[in-house]
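I opened this model to see how its parts hold together. Here are my notes, entry by entry.

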Amino acid sequence: MRERWEAAGLGVAFAVVLAEWGYRIVDSWGGGYWVPGCVAGAVAGVLALVRRRARLWTAVAGMAVAAVAILVARHFDLPAEPGPGLALGLSVLVGSALRTLPAPQAAGVGAGGLAVALGSQLSGSPHAAVLMLNLGAWLAALAGGLGPRLLAARRAAVAERVRQAERLELARELHDVVAHHVTCVVLQAQAARLVARKDPDRVAGSLADIEAAGSDALAATRRVVGLLREPGGPAAFGPAERLGELVAHFGGPPVTLRLPDGEPAWPSEVAGTVHRLVQESLTNIARHAPGASAVIVSVTQGEAELVVEVTDDAPPSHRIPARLGGGYGLVGMRERVEALGGTLSAGPRPAGGWAVRATLPLPERGAAGGMPASAGGRGRR
């Protein structure tokens, strides 16, 4: 729908420019001198309207039309080209190419646009105003194309740094998980040696414990392997206590924390992800939802998955617009959740406010030892 409105507006702009230019040519030159320039401008306008289908070739075709118009104007002593309509079409075509095409192609189109602008002095009745018009259109194309391109590249680079930071953060958890389980294996192996000397019949049980510890280590490692993390991150923690501490220190609106009954038993990498999700969501509420009066943090545990949801009640009129476009914190959260095989969604709620919802799969051993979900309130601030 947005593209249709843009195309309609651009079409109206072309029609107005061509009509005005044709009127001025008739008024000053008379006869049919307006026809070649308006036809060239109309062709460039059509190419600009369909440019999304083939940005490179429509730009090349537009410059070819401009070159032909310059030669025709020179040969038949017509008003100088490119005229305003053709200059507007070339500006749109060149700007679109600079914004989206690969760098070598974009550079070629940009150079071609400059050559056409300078070539306007080779047409019939050259005038400084024509040169300034076409150079201004080319500079506008340069700004309209390279500006968004550089901004998109910067955003992509920042997003990649956020993803990398999240991988670096998760690697510390990988180190902690592996170190913990390997330590358990070593201790149980040492105990098995002692048992073998005193009671050989119990060696089978000790070996089974070692096997289980090794399986746990492999399962935990698979969930976070391949990701890197900077040193200095949080170690494993009790999820209820850490979430309660996080809510208690939140400086925004009152928060209701809902956790499963009992003491949840989650793997450290899952618990760390839950903490990170809640922390980032509360930070976003403090920054982008100044009109929120209440926040609900809900964690429910099923047989095979954990669902984390953070909602607020900020009305749309009280939400800073930047929030609607997403942020780099969301990129980091998504990277962490998807690394564990989960899903993440964020957006406005039908009833008002904003919601962040993540679903995290629980390992089989962790799910077996977990407690059932509950909607009861764990605490309130």
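I began with R276 and E280, which both sit in helix α9, 4 residues apart, about one turn of the helix. Helices here are DSSP runs of H or I with at least four residues, strands are runs of E with at least two, and both are numbered from the N terminus. The model is predicted, so I kept to its limits: local features need pLDDT of at least 70, side-chain atom pairs count only at pLDDT 80 or more, and totals for chains, interfaces and linings use all residues. Residues are numbered from 1 along each chain as its sequence is written, and side-chain values use heavy atoms, with hydrogens and water left out.

R276 makes a salt bridge with E280, and their closest N and O atoms are 3.0 Å apart. For a salt bridge I required a side-chain nitrogen of Lys or Arg within 4 Å of a carboxyl oxygen of Asp or Glu. Are R276 and E280 buried or exposed? Both are buried, and for R276 the relative accessible area is 14%. My cut-offs were under 20% relative accessible area for buried, over 50% for exposed, and partly exposed in between, with a 1.4 Å probe and protein chains only. I also checked R276 against L243: they are 33 residues apart in sequence and 9.8 Å apart in space, C-alpha to C-alpha.

**Entry: the other salt bridges**

I found 5 salt bridges in the structure. One of them joins the side chains of E6 and R52, at 2.9 Å from N to O. E6 belongs to helix α1 (residues 2-28) and R52 to the loop between α2 (34-49) and α3 (55-76), so this pair ties together parts that are 46 residues apart in sequence. E6 is partly exposed at 35% relative accessible area, and R52 is partly exposed at 33%.

I then looked at E20 and R24, a salt bridge whose closest N and O atoms are 2.7 Å apart. These two residues are 4 residues apart in helix α1, separated by about one helical turn. E20 counts as partly exposed at 37% relative accessibility, while R24 counts as exposed at 52%.

**Entry: the nonpolar cores**

Next I asked which residues have the most contacts inside the largest nonpolar core. They are V274, V278 and L282, in a core of 33 residues. A nonpolar core is a set of buried Ala, Val, Leu, Ile, Met, Phe, Trp, Tyr and Cys residues joined through side-chain atoms within 4.5 Å. Two or more residues each come from α8 (239-248), β1 (255-258), α9 (268-288), β2 (295-301), β3 (305-312), α10 (328-339) and β5 (354-361). The largest share, 7 residues, is given by α9.

I listed what V274 touches, leaving out residues up to four places away in sequence: L243, W266, V299, L306, V308 and L360. Another core lies apart from this one, with 22 residues that include L90, L93, V109 and V116.

**Entry: the cavities**

How many cavities of 30 Å³ or more are there? I count 2. A cavity is a set of points on a 1 Å grid over the protein atoms alone where a 1.4 Å probe fits but cannot get out, and its lining residues have an atom within 4 Å of a point. Grid points are joined across faces, edges and corners, and a volume is the space filled by probe spheres set on the points.

The largest cavity has a volume of about 80 Å³. Among its lining residues are L90, V116, N134 and W138. α4 (84-100), α5 (103-119) and α6 (128-198) each supply at least two lining residues. The lining divides into 8 nonpolar, 3 polar and no charged residues; here Ala, Val, Leu, Ile, Met, Phe, Trp, Tyr, Cys and Pro count as nonpolar, Asp, Glu, Lys and Arg as charged, and the others, Gly among them, as polar.

**Entry: a loop serine**

I looked up S120, in the loop between α5 and α6. S120 counts as buried, at 0% relative accessibility. Not counting residues up to four places away in sequence, S120 touches I70, E81, P82, V130, L131 and N134; contact means heavy atoms within 4.5 Å.

**Entry: the whole chain**

To finish, I noted that the protein has 11 helices and 6 strands. Of its 381 residues, 41% count as buried. Among contacts with a separation of 6 or more, 74% are between residues 24 or more positions apart.

Note on methods. 1 Å grid on protein atoms, 1.4 Å probe; cavity = no way out; pocket = protein on both sides within 12 Å on 5 of 7 lines; lining within 4 Å.
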